Amino acid sequence: MSAQSQFGVVTDSETLRRLAEYKGIWTYAEVESGQLTEVSLELLTGARSIAKKTGEQVASVLVGQEVERFVAELSAFGADKVFVIQDPRLRSYASDSYTEAVAQLTREKKPSVFLFGANRNARDLASRLAGRLNTGLAADCIKLEVNERGQLEQIRPDFGGKELSVVLAPRHRPQMTTIRPGSYRKQEPDYSRVSSSEYFVPKLSENHCRIKVLKNVRQPIDPSEDIEKATVLVSGGMGLRSKENFELLRRLAGLFGNASVAGTRSVCEKGWLPSSVQVGQSGKTVSPKLYFAVGLSGAIQHLVGMQNSEIVVAINSDAEAQIFKVCTYGIVGDLFQVVPLLIDEIKKVRVERKLMRETVTVGTPAGDP
Ligand SMILES: Cc1cc2nc3c(=O)[nH]c(=O)nc-3n(C[C@H](O)[C@H](O)[C@H](O)COP(=O)(O)OP(=O)(O)OC[C@H]3O[C@@H](n4cnc5c(N)ncnc54)[C@H](O)[C@@H]3O)c2cc1C
């Protein structure tokens, strides 16, 4: 996607000189519960795709206490450089101290682009930082592009998800974006990659550290509802007709390891599924290897949440349903007939494969591989 209009064309030499001072694609590496968040690693894929076009270096910013142990991981997932801000007062996330520390680093180093995950704390930090640095922030983006002028095109769903808007920050730097988790797939780690690290000591006064976090209490997540981590998702829509009928989708999901049942907003609003498993614009963004879209129409607000799935299998009785425009495999038919057949077929293939493996093992003469 490219902004065709003249919007964003900057010609005055003073602004161009100022913009040219900003270099580097940065990501915020968020640490939560003693580990890097998934979206922090996904951001590196987005950052690398921009860097490929602009020729800039990708750097991550790590903030906290004893966080240098994450440098190797960030490097393996695509960072060329890691800035480490360590201070006992930054042990837990707090808006005022983190904003001040990261603002000081950003002012000094002047990155061109700064990406954050659209998580609760990172969203808070990004918006405060944008205000502090007097730049813009495109929130909740799902895709990034670079236009012919080298500007970052920050793409986000708008108007209730009916449109995709392209946001530009032609006169301000850094170009700041929050990206929804699952919008990018993290790349295969390469632990032979080595990145440089640079320690930064922020000047923090008591005034910058007014919030003291005494204790972090985690709400336990039911693993079956952790749909962002599932490899296989069986997602259902209004075509299921009732809460009880979702048992059919649970049977299908049960055939795969690391699989969960998810659904559209309509079914979550009906109370057929909990809202934590809603996929889409006002739900979660997911990118499983396999996504079954069963009895759901494929409204744009749903599609923006699952379009990065590797393989999409759609089952719908209406051959004209939107979901068939985005699926890898489409089955036109009644889900109450198709899903049981699919379950039987998968079970049959599994048994045949197991038998074949046993036959090969039994039939292989000793000494042969
Ligand atoms: C601001 C805003 C935000 C939104 N956010 C989200 C969001 O995050 N996620 C989301 O999902 N939606 C969201 N929506 C709602 C979205 O616009 C759609 O209304 C919703 O996704 C439709 O859900 P559905 O596909 O389950 O139902 P429907 O559109 O009613 O589709 C049901 C489908 O089932 C098929 N069907 C019926 N019976 C059978 C059968 N026996 N066998 C096979 N197929 C059958 C039908 O052909 C139909 O295609 C949002 C809307 C707005 C305005």
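Me: Where is Lys-110 found?

Reply: Lys-110 lies in the loop between helix 4 (95-109) and strand 6 (113-117). Residue numbers start from 1 along each chain as its sequence is written. The model is predicted: local features need pLDDT of at least 70, side-chain atom pairs count only at pLDDT 80 or more, and totals for chains, interfaces and linings use all residues.

Me: Why is Lys-110 called partly exposed?

Reply: Count the other C-beta atoms within 10 Å of its own, placed from the backbone: 20 or more is buried, 12 or fewer is exposed, in between is partly exposed. Lys-110 has 14, so it is partly exposed.

Me: What makes strands 13 and 14 a pair?

Reply: Pairing takes at least two DSSP bridges between two strands. Strand 13 (residues 232-236) and strand 14 share five, so they pair, and they run parallel. Among the bridges, Val-232 partners Ala-259 and Leu-233 partners Ser-260.

Me: Why is strand 14 called an edge strand of its sheet?

Reply: The open sheet has five strands in the order 14-13-15-16-17, paired in parallel. Strand 14 (259-263) and strand 17 (329-332) each have a single partner strand, so one side of each has no neighbour in the sheet. The twist averages 15° from one strand to the next, with axes as lines fitted to C-alpha atoms and angles from 0 to 180 degrees between N-to-C directions.

Me: How do you know that strand 14 is mostly covered?

Reply: Five of its five residues are buried. Ala-259, Val-261 and Gly-263 are buried on one side, Ser-260 and Ala-262 on the other.

Me: Which strands stand at the edges of the seven-strand sheet, and why?

Reply: The order is 7-11-6-1-4-5-12, an open sheet with parallel pairing. Strand 7 (137-141) and strand 12 (196-199) are the edges, because each has a single partner strand. The twist averages 25° from one strand to the next. Strand 5 (residues 81-86) pairs with strand 12 over four bridges in the parallel sense. Lys-81 stands opposite Ser-196 there.

Me: What makes the largest nonpolar core a core?

Reply: A nonpolar core is a set of buried Ala, Val, Leu, Ile, Met, Phe, Trp, Tyr and Cys residues joined through C-beta atoms within 7 Å. The largest has 85 residues; Leu-115, Val-234, Ala-293 and Val-294 have the most contacts inside it. Helix 2 (residues 38-54) gives the most, seven residues.

Me: Where is the cis peptide bond?

Reply: Between Arg-173 and Pro-174, with omega about -5°. Pro-174 sits in the loop between strand 10 (163-167) and strand 11 (175-179).

Definitions and conventions
Helix = DSSP H or I, 4+ residues; strand = E, 2+ residues; numbered from the N terminus.
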